[in-house]
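Hi everyone, thanks for coming. Please have a look at what is on the screen, and then I'll walk you through it.

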Amino acid sequence: MFGLKKKSDTEEQGGVLGHLRQGLRKTRDVLFMDIEDLFQEKGVIDETLLDELENRLLQADLGVEATTRIMETLRNAVKKGRLNQPAEVIATLRQQMIGILLPVEHQLELSSDRPSPQVILVVGVNGVGKTTTIGKLAAYYHKLGHRVLLAAGDTFRAAAIEQIQAWGKKTGIQVIAQHSGADAAAVIYDALQSARAHSTDILIADTAGRLHNKDKLMGELAKIRRTISRFDPELPVEVMLVLDAATGQNAMAQAEQFHRMTGVTGITLTKLDGTAKGGMIFALASKMTIPLRFIGIGEQVEDLRPFEAEPFVKALIDTSP
Ligand SMILES: Nc1nc2c(ncn2[C@@H]2O[C@H](COP(=O)(O)OP(=O)(O)OP(=O)(O)O)[C@@H](O)[C@H]2O)c(=O)[nH]1
Ligand SMILES: [Mg+2]
């Protein structure tokens with residue numbers, strides 16, 4: 001009813017955007033469920049309506065900073081008489097949301113003038129979705145025509161090696177592994193040698209989940225990072241931190257600690273499909289400058305997308321059923 005739906009949206013509903021919309025459904029429901037009715041009921045854009053919108057932003061876990069930034073703009077525009085129609089409110093909201101996310105939209109560039117392989121070292125606390133993301137990433141890059149190799153760097157958790165091997169099987173990608181309990185840095189060194197020998201483009205290394213506030217475990221990660229540099233200091237290395245969207249504002253503490261110990265260069269935000277608090281992505285983007293590379297919107301191999309601010313907000317804010 002707001003006239004917000006362009007034709008191209010409709011055409012895309014069943015495709016990529018539709019998939020994203022489905023993945024973000026829970027958060028979108030918190031933000032926009034019955035919002036059209038609310039606008040209709042009130043008939044005017046007033047303070048109560050803006051308060052309701054503000055509540056929803058907070059409920060969806062956008063955090064105080066991002067919410068305040070958005071609401072200030074909306075309130076100012078209403079005061080100046082620039083927002084008289086629901087569609088105008090939504091359009092301004094959309095613009096603000098994109099504005100917050102755009103600074104962290106940076107795809108991982110694969111450089112052709114650096115030595116190969118491009119290493120992606122995947123780190124994060126327990127259970128956030130590291131190994132699953134690796135399986136999806138392997139399939140993603142393989143599909144783009146790159147030669148991919150996986151390293152079973154989680155030698156700690158029981159069945160972790162089998163789990164990544166299962167992803168290897170599923171995606172047709174080779175996995176370099178040693179026995180359970182082996183030194184993770186040694187496994188990754190092995191994998192680097194193999195990658196070199198076989199002209200692999202991308203080596204994706206798993207690591208054991210660890211709590212960001214446990215210094216000893218974080219020290220091990222720093223050791224793995226140094227091992228990669230020792231192998232070849234010129235190698236392009238992405239230290240990819242995986243964060244679970246459902247952990248909300250605690251994700252910020254994780255990001256800070258991991259960054260301090262390992263120099264995180266990119267973030268993948270998982271499980272956006274499983275939470276109504278996916279608004280934390282805005283809190284993350286307004287507090288950090290680390291690029292957000294990918295988002296996870298499900299457990300299947302195709303449920304990973306490079307992060308793009310505009311389609312993300314579009315999928316979130318489109319209020320049609
Ligand atoms: N719904 C949903 N589930 C996910 C997503 N990513 C991962 N999962 C699930 O989260 C659970 C944990 O995933 P793992 O990949 O094993 O997590 P991990 O970080 O490797 O865990 P540890 O190795 O134990 O630290 C599994 O059940 C995954 O299927 C996602 O984007 N959406
Ligand atoms: Mg794992």
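**A walk through the model**

Let's start at Ala159, which sits in the loop between strand 2 (148-151) and helix 9 (160-171). When I say helix or strand, I mean a DSSP run, H or I of at least four residues for helices and E of at least two for strands, numbered from the N terminus. Ala159 is not a glycine, yet its phi is positive, about 75 degrees.

A word on what we are looking at: this is a predicted model, where local features need pLDDT of at least 70, side-chain atom pairs count only at pLDDT 80 or more, and totals for chains, interfaces and linings use all residues. Residues are numbered from 1 along each chain as its sequence is written, while chains are lettered from A and ligands numbered from 1 in the order in which they are written.

How confident is the predictor? The protein has a mean pLDDT of 91, with 95% of its residues at 70 or more; pLDDT is the predictor's confidence in each residue, from 0 to 100. Residues 1-12 have a pLDDT below 50, and beyond near neighbours in sequence that stretch makes 16 contacts in the model. A contact here means that the C-beta atoms of two residues, placed from the backbone, lie within 7 Å.

Another loop deserves a stop. Pro117 lies between helix 7 (86-101) and strand 1 (118-123), and a cis peptide bond with omega of about 5 degrees joins Ser116 to Pro117.

Now to helix packing. Two packed helices are described by the angle between their axes and the distance between the axes. The axes are lines fitted to C-alpha atoms, for helices over the stretch in contact, and the angles run from 0 to 180 degrees between N-to-C directions.

Take helix 5 (residues 47-59) and helix 6 (residues 63-79): their axes come within 10 Å and cross at roughly 165 degrees. That is why helix 5 is roughly antiparallel to helix 6. For these words, under 35 degrees counts as roughly parallel, over 145 as roughly antiparallel, 65 to 115 as roughly perpendicular, and the rest as oblique. Helix 5 brings Leu50, Glu54, Leu57 and Leu58 to the contact, and helix 6 brings Thr67, Ile70, Met71, Leu74, Arg75 and Val78. By class, the contact of helix 5 with helix 6 has 7 nonpolar, 1 polar and 2 charged residues. Nonpolar covers Ala, Val, Leu, Ile, Met, Phe, Trp, Tyr, Cys and Pro, charged covers Asp, Glu, Lys and Arg, and the others, Gly among them, are polar.

Helix 6 also packs with helix 7, with axes that come within 10 Å and cross at roughly 145 degrees. In helix 6, Ala66, Arg69, Ile70, Thr73, Leu74 and Ala77 meet Val89, Thr92, Leu93, Gln96, Met97 and Ile100 of helix 7. That contact of helix 6 with helix 7 splits into 8 nonpolar, 3 polar and 1 charged.

Last stop, ligand 1. Which residues come nearest? Of the 21 residues around ligand 1, they are Gly129, Thr131, Thr132, Gly209 and Gly296; a residue is near if its C-beta atom, placed from the backbone, lies within 6 Å. Helix 8 (residues 130-143) gives the largest share of this shell, 3 residues. The shell around ligand 1 has 3 nonpolar, 11 polar and 7 charged residues.
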